[in-house]
Amino acid sequence: MKKSFSRLPDSELDIMLVLWNYEPPLSRLEIERVVNQKKALAPTTILTLLSRLEKKQFVSVRKEGKVNYYTPLVSQEEYLQSESKNVLEKLYGNSLKKFVASLYQGKKMDQKNIQELSDFLKEMEEE
């Protein structure tokens, strides 16, 4: 991972999820249609969120006539890596064991999950 990103508030993350999951570039209206399937946001609110994301360099804006088109500058994978690293460091002291243990909160892991985790750790050792 090359870059660390600031954590996005849920409202901005909702906008980024639309941009990541649909074919960019997208107009504000296209983004609004998708976002409003889950929660109703005013067009001005969406424009404010897009403006914040542009200032944070998460999106680029291209104007065509009266319409702005938005494209993500940060991939979902890059953001997830940064967020995961921050959570691991801040909440679990960089301990994968503590992190995995907290996910299961004393419940038994099934054999499939244990095998996946074991395979992942073996791959990490080989790198």
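Predicted model: local features only at pLDDT ≥ 70, side-chain atom pairs only at ≥ 80, totals over all residues.
Local features need pLDDT of at least 70, side-chain atom pairs count only at pLDDT 80 or more, and totals for chains, interfaces and linings use all residues. Residues are numbered from 1 along each chain as its sequence is written, and side-chain values use heavy atoms, without hydrogens or water.

Three strands form an open sheet in the order β1-β3-β2, with antiparallel pairing. The edge strands, β1 (26–27) and β2 (59–64), each pair on one side only. Strands are DSSP runs (E, at least two residues) and helices likewise (H or I, at least four), numbered from the N terminus. Pairing requires at least two DSSP bridges between two strands. β1 and β3 (residues 67–72) run antiparallel and are joined by 2 bridges. L26 stands opposite Y70 in β3.

Helix α1 (residues 10–21) lies across β1, β2 and β3, at about 85° to β3. Helix α3 (residues 43–55) packs on the sheet and touches β2 and β3; its direction makes about 120° with that of β2. Contact means heavy atoms within 4.5 Å. Angles run from 0 to 180 degrees between N-to-C directions, with axes fitted to C-alpha atoms, for helices over the stretch in contact.

L96, F120, L121 and M124 form a nonpolar surface patch with about 370 Å² of accessible area together. Areas follow the Shrake-Rupley method with a 1.4 Å probe; for residues, only the protein chains shown count as cover. Patch residues have over 30% relative accessible area and no salt bridge; nonpolar side chains (Val, Leu, Ile, Met, Phe, Trp, Tyr) are joined within 5 Å, like charges within 9 Å. A salt bridge places a side-chain nitrogen of Lys or Arg within 4 Å of a carboxyl oxygen of Asp or Glu. Helix α6 (residues 111–126) gives the most, with 3 residues. F120 lies in helix α6. F120 is partly exposed, at 40% relative accessible area (buried is under 20%, exposed over 50%, partly exposed in between; 1.4 Å probe, protein chains only).
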